[in-house]
Amino acid sequence: MTFRARLAPLAAALLLAASGGASAQDGKVYKIAYIDPLSGPFANVGELMLAHVQYAVDDINAKGGVLKGQAKLQLLQFDSKLSAQESQSALQAAIDQGARAIVTGGSGSSVVTALVQAVNRWNQRNPGKEILVLNHSSIDPELTGKACSFWHFQTEANTAMKMKALANFIKKTPDVKKVYLLNQDYAHGKQWASYGKQLVGLARPDVQFVGEALHPIGRVKDFAPYVANIKASGADSVITGNWGQDMTLLLKAAGDAGYNLRYFNHSAGSVPGTVLAVSQAKLGQLTWVAEWHPGQADSPRVDALAKAYKARMGKDFLAPRIDMTPRLLAAAIDKAGSTETVAVARAMEDLSFDSVVGPVRMRGEDHQLLLPQVVNTIAPVDGKTVRTGWEGTNYGFRTEAVYSGNELAQGTDCKMVRPGG
């Protein structure tokens with residue numbers, strides 16, 4: 001049975017929950033629109049993210065909602081189809097249905113950038129009807145840098161923060177000597193390559209960058225030609241921002257070629273199919289960065305949430321930051337004492353939140369959440385450093401290093417323009 005087929009009952013349950021949750025007859029409703037891929041090559045990613053958001057919304061409502069029980073949250077869902085144009089059509093549909101906030105991030109930074117620009121235009125033309133964009137996964141630093149917006153909040157560490165964590169690890173990993181840069185041909189892929197050269201180069205001036213290539217996102221069916229080029233370069237490691245099927249097919253091609261590469265990635269281990277692909281290849285070491293990984297030691301609050309999530313949703317919990325995103329919004333609404341968008345945005349600026357991964361803070365100057373990052377590697381279960389198998393395999397995650405959000409925080413080019421001045 002395919003992943004999509006196994007997920008169909010969950011998708012149906014989510015649709016029922018989203019359409020039959022809080023309604024007008026329940027009292028005041030604050031509508032949130034989820035816009036991410038629910039069809040096409042990255043549908044499994046979008047459905048996984050939707051499940052995390054829906055669980056958090058349901059949990060908030062079960063505990064009384066927001067504003068001391070005066071309002072409940074309602075989640076609407078739209079398919080971005082991994083397209084900036086489709087996402088903007090979905091945005092207009094969400095606005096027409098009364099959404100006051102957009103939750104997105106799984107469609108890529110180019111799509112999120114287009115959504116933020118569309119929201120900027122809408123908010124300028126429609127004072128009093130403004131909406132927010134909460135971005136849980138698109139990590140282009142421009143979104144909280146030169147292209148920052150008062151209406152956009154990022155709840156994931158950005159590319160520069162994640163690469164800094166990996167560069168710190170590579171600094172202590174002497175067998176990384178020759179690096180190839182293979183990335184998807186869009187804004188984030190180019191950023192991942194650029195920051196890889198910059199930050200890894202600073203941490204390890206002796207590392208040689210032996211080649212670089214970009215490929216179409218979601219359209220390559222066989223990565224064998226790319227693997228052949230990497231092998232010809234003599235690389236022992238690859239810095240790649242690939243995710244979804246682009247990551248799993250790369251792992252498969254390298255495994256088929258008998259090529260034992262190191263991979264340095266931002267979030268691939270949290271995407272369905274990645275651990276399975278590593279276990280099937282039996283070659284390669286994929287090191288990635290997240291706010292938490294399954295089986296991580298000394299994380300009782302995430303463990304409890306993961307257990308409750310699986311009991312209700314029937315799937316494994318993978319991403320605390322996505323669950324955290326609507327909870328941050330709810331906290332900002334409560335802090336503001338209002339659902340009025342400008343007030344909620346101002347309340348979210350510099351908001352400190354006691355999350356399941358520890359204290360986090362939404363930096364007011366650029367709307368970048370400062371949250372911990374764990375460098376970890378997919379590896380066989382050994383009962384010591386890797387305690388839990390994943391995706392039905394004997395492979396799990398080995399913690400390499402942990403950094404606080406403050407340790408990874410960097411300067412910003414953001415020139416925030418706020419309403420009224």
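Reader: How much space lies in the second largest pocket?

Author: Rolling a probe the size of a water molecule over the atoms shows where empty space is left. A pocket is an open set of points on a 1 Å grid over the protein atoms alone, where a 1.4 Å probe fits, with protein on both sides within 12 Å along at least five of seven lines. In this predicted model, about 290 Å³ of space lies in the second largest pocket, a volume being the space filled by probe spheres set on the points. Lining residues, those with an atom within 4 Å of a point, number 19 here, and Asp 59, Lys 63, Asp 323, Arg 327 and Val 356 are the closest to the centre.

Reader: Which element gives the largest share of that lining?

Author: Helices (H or I, at least four residues) and strands (E, at least two) are DSSP runs, numbered from the N terminus. H11 gives the largest share, 7 residues; helix H2 (43-62), helix H10 (300-313), helix H11 (320-336) and strand E11 (352-355) each supply at least two.

Reader: What should I know of the numbering and the limits of the model?

Author: Residues are numbered from 1 along each chain as its sequence is written, and side-chain values use heavy atoms, with hydrogens and water left out. Because the model is predicted, local features need pLDDT of at least 70 and side-chain atom pairs count only at pLDDT 80 or more, while totals for chains, interfaces and linings use all residues.

Reader: Is Ser 137 buried or exposed?

Author: Buried means under 20% relative accessible area, exposed over 50%, partly exposed in between (1.4 Å probe, protein chains only). Ser 137 has a relative accessible area of 16%, so this residue is buried. Ser 137 lies in the loop between strand E4 (132-135) and strand E5 (152-154). Contact means heavy atoms within 4.5 Å; beyond four places in sequence, Ser 137 touches residues including Met 49, Thr 104, Glu 156 and Arg 321.

Reader: What is the case for Gln 191?

Author: Gln 191, found in helix H6 (residues 187-203), is buried because its relative accessible area is 15%. Leaving aside neighbours within four places in sequence, Gln 191 is in contact with Asp 140, Pro 141, Glu 142 and Thr 159.

Reader: Which residues form a disulfide?

Author: A disulfide is a pair of cysteine sulfur atoms within 2.5 Å. Cys 148 and Cys 414 form one, with sulfur atoms 2.1 Å apart. The pair links distant parts of the chain, 266 residues apart: Cys 148 is in the loop between E4 and E5, and Cys 414 in the segment after helix H13 (405-408). Both Cys 148 and Cys 414 are buried.
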